[in-house]
Amino acid sequence: MKINTNGIVYIVGAGPGDPELITVKAMRRIQIADLILYDRLVNKELLDYAGPDAELIYCGKSPGIHAMPQNIINEALIKHALEGKKVVRLKGGDPFVFGRGAEEALELAAKGIPYEIVPGITSAIGAAAAAGIPVTHRDYAASFACVTGSRCHNDKSPIRWDLLAHGVDTLAIYMGVNQLPFIREELLKHGKATTTSVAIIERGTTKDQRTIIGTIANIHTLAVSMNLISPALIIIGEVVRVREHLLHAEQQANILIR
Ligand code: SAH
């Protein structure tokens with residue numbers, strides 16, 4: 001097939017949930033797109049900025065419907081770009097943080113299709129800030145790590161909880177809520193104190209945001225009792241304590257931290 005050289009794929013981060021937390025560059029790509037393939041965690045309000053003729057294709061999972069398989073998404077990106085379209089692949093947060101953006105970019109690169117990565121605010125940064133938790137702080141944390149909970153039972157490439165427990169001050173755990181008992185066990189086994197502070201932020205940066213505060217010892221019980229749902233992010237570390245002070249300041253200044 002002859003390549004139409006106008007075709008391009010923009011792999012775009014939509015930010016963590018609040019539609020205002022998208023970048024100017026991402027918004028411009030949405031406005032010029034002929035086609036947008038979007039994921040479940042993307043705030044649908046952002047699609048209102050697409051042009052009237054833009055085609056919108058949902059790629060995420062919904063109850064009873066399987067997500068579009070990755071190879072089908074890759075094929076669609078390639079096919080439409082070869083037809084000369086401006087294709088936006090819109091993903092929650094940042095496309096390169098647990099977003100499979102690299103897999104898509106590699107496929108495009110292998111086929112010689114032009115693409116551009118537009119980074120986004122990842123949910124760890126967005127949700128923590130919206131909950132009043134700084135991921136670093138001069139007194140509490142000089143390092144933070146983004147960790148996936150989805151590989152907890154993968155023996156071939158296990159997560160090094162031993163190193164994370166000792167070597168990193170703040171842990172931001174994506175896709176980890178269903179793995180809380182396992183994560184707790186690993187961290188305690190490797191020397192984290194049961195009293196270490198933990199926050200779970202559900203639907204961070206959205207109007208439905210909920211924040212649960214506890215310790216490694218009790219956070220799972222709290223999460224179950226509050227019927228926590230996805231998407232949610234776990235922050236583990238003493239920076240969680242800063243929130244109390246910010247909340248206090250918030251009450252005094254009457255500003256909004258949820
Ligand atoms: N690329 C995305 C992450 C995709 S993995 C990013 O950069 O943020 C999906 C996980 O991200 C969810 O299981 C959850 O842990 C986290 N997540 C995404 N949006 C979230 C939100 N608004 N609030 C809390 N966690 C969120």
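I count Ala, Val, Leu, Ile, Met, Phe, Trp, Tyr, Cys and Pro as nonpolar, Asp, Glu, Lys and Arg as charged, and the others, Gly among them, as polar. This is a predicted model, where local features need pLDDT of at least 70, side-chain atom pairs count only at pLDDT 80 or more, and totals for chains, interfaces and linings use all residues. Residues are numbered from 1 along each chain as its sequence is written, and side-chain values use heavy atoms, with hydrogens and water left out.

Ligand site. I found 17 residues around the ligand (a heavy atom within 4 Å). By class, this shell holds ten nonpolar, five polar and two charged residues. Domain 1 (8-118) and domain 2 (123-253) both contribute to the shell, so the ligand lies between them; the bounds come from an automatic or database domain assignment.

Polar contacts (N or O pairs within 3.5 Å). I read 2.6 Å from a polar side-chain atom of Thr122 to a ligand oxygen. For a side-chain N or O atom of Ser123 the distance to a ligand oxygen is 2.7 Å. A polar backbone atom of Ala232 lies 2.7 Å from an oxygen of the ligand.

Strand β8. I looked up residues 197-202, a DSSP run of E (at least two residues). β8 pairs (at least two DSSP bridges) antiparallel with β9 (residues 210-215) over six bridges. Ile201 has Thr211 as its bridge partner in β9.

Note on methods: A polar contact is a pair of N or O atoms within 3.5 Å; within protein, one must be able to donate a hydrogen and the other to accept it, and residues adjacent in sequence count only if both atoms are side-chain atoms. Buried means under 20% relative accessible area, exposed over 50%, partly exposed in between (1.4 Å probe, protein chains only). Helices (H or I, at least four residues) and strands (E, at least two) are DSSP runs, numbered from the N terminus.
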